[in-house]
Amino acid sequence: MVQNLEYYRVFCHVARCGSLTLAAKELAVSQPAVSQSIRLLETAVGAKLFMRNARGVKLTREGELLYSYVKKGYEQIELGERKLKQMMNLELGEIHIGASDMTLRFFLLPYLERFHELCPGIRIVVSNAPTPETLVSLRSGRIDFGVVSTPFEAEGLQCEQVKEIEDIFVAGRRFIQYKNRTLDLKELEHLPLILLEQNTSTRSCMDRFLAENRVEVAPEFELATSDMIVQFTLRSLGVGCVVRDFAARELADGTLFELRFNQMIPRRHFCVVTADGEQPSAAARRMLELIRTKDLPERKENDSYDYF
């Protein structure tokens, strides 16, 4: 096998052009250099590949046979180079992102909009899952990065806090007697609570906080999404625990109110996480750059999400 692939590159150009001079011009080298490469290739393969004619050179039978195979490989190499250039120029490619309903809705969505405006050729795949599942996907290499909420196990990950979030308890008209009162956390033990399922960082954080304060609760309902918690709470089926953003509209219009306690619930954060030691793709690096610089689209008058 010929060790120097450059000989094959020259061979393909000469075969395509039918001229040593034109091939040299395409390759931006001298004609003697082209001739030398062809001689060395012919020596290596043990066959004459070209014969001269009035217009330049023509493939021999042996040359035609070799060219029928080599041109396919060379075309694939050229195609690969073009595709790689397009990928590096953010003209094509994919980003795989992991995010929960909460981080997607209240943080990531406007960045996806901005990225799509800047790089419409890039395909974005969002794996929608709770924080624990997102971290499993990240560690196994199925996603480029994740946007998750604290707390979580950060070993082997690079984490960057991007937004502070606040867990609150909200209630509707059935519990109006608790409005504008400062409650002891222990009172939660006597209320019908509506919490997220246990496979989420939000539920884990609240369980830990209550346990540290010796509050034992048995939820009336455990639901898969915070949106459903808000809906159940609006119907006075219990007191719901959600991140403030989920109930912002209902708190503003007075259909729900926030319960106040004599002890502050610790704030948490949304974090962007990447695998330690992994190099993200060019497209993923561009998305991470948007997030770090907070490069967001201009907010439209009727947008329902908040840019921060």
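Predicted model: local features only at pLDDT ≥ 70, side-chain atom pairs only at ≥ 80, totals over all residues.
Residues are numbered from 1 along each chain as its sequence is written, and side-chain values use heavy atoms, leaving out hydrogens and water.

The protein chain has ten helices and 14 strands (DSSP runs, H or I of at least four residues for helices and E of at least two for strands, numbered from the N terminus). Its radius of gyration, taken over C-alpha atoms, is 31 Å, well over the 19 Å that the globule rule (2.2 Å times the number of residues to the power 0.38) gives for 308 residues, so the chain is more spread out than a compact globule. The C-alpha trace spans about 100 × 40 × 25 Å along its principal axes. Of the 308 residues, 44% count as buried, meaning under 20% relative accessible area with a 1.4 Å probe, protein chains only.

Strand β5 (residues 145–149) is mostly covered, with five of its five residues buried. F145, V147 and S149 point one way from β5, while G146 and V148 point the other way. On the pairing side (at least two DSSP bridges between two strands), β5 runs parallel to β3 (residues 93–99) through three bridges, with G98 opposite G146. β5 also pairs with β14 (residues 268–275), antiparallel this time, over four bridges; here S149 stands opposite F270.

Definitions and conventions. Buried < 20%, exposed > 50% of the residue type's maximum accessible area, 1.4 Å probe, protein only.
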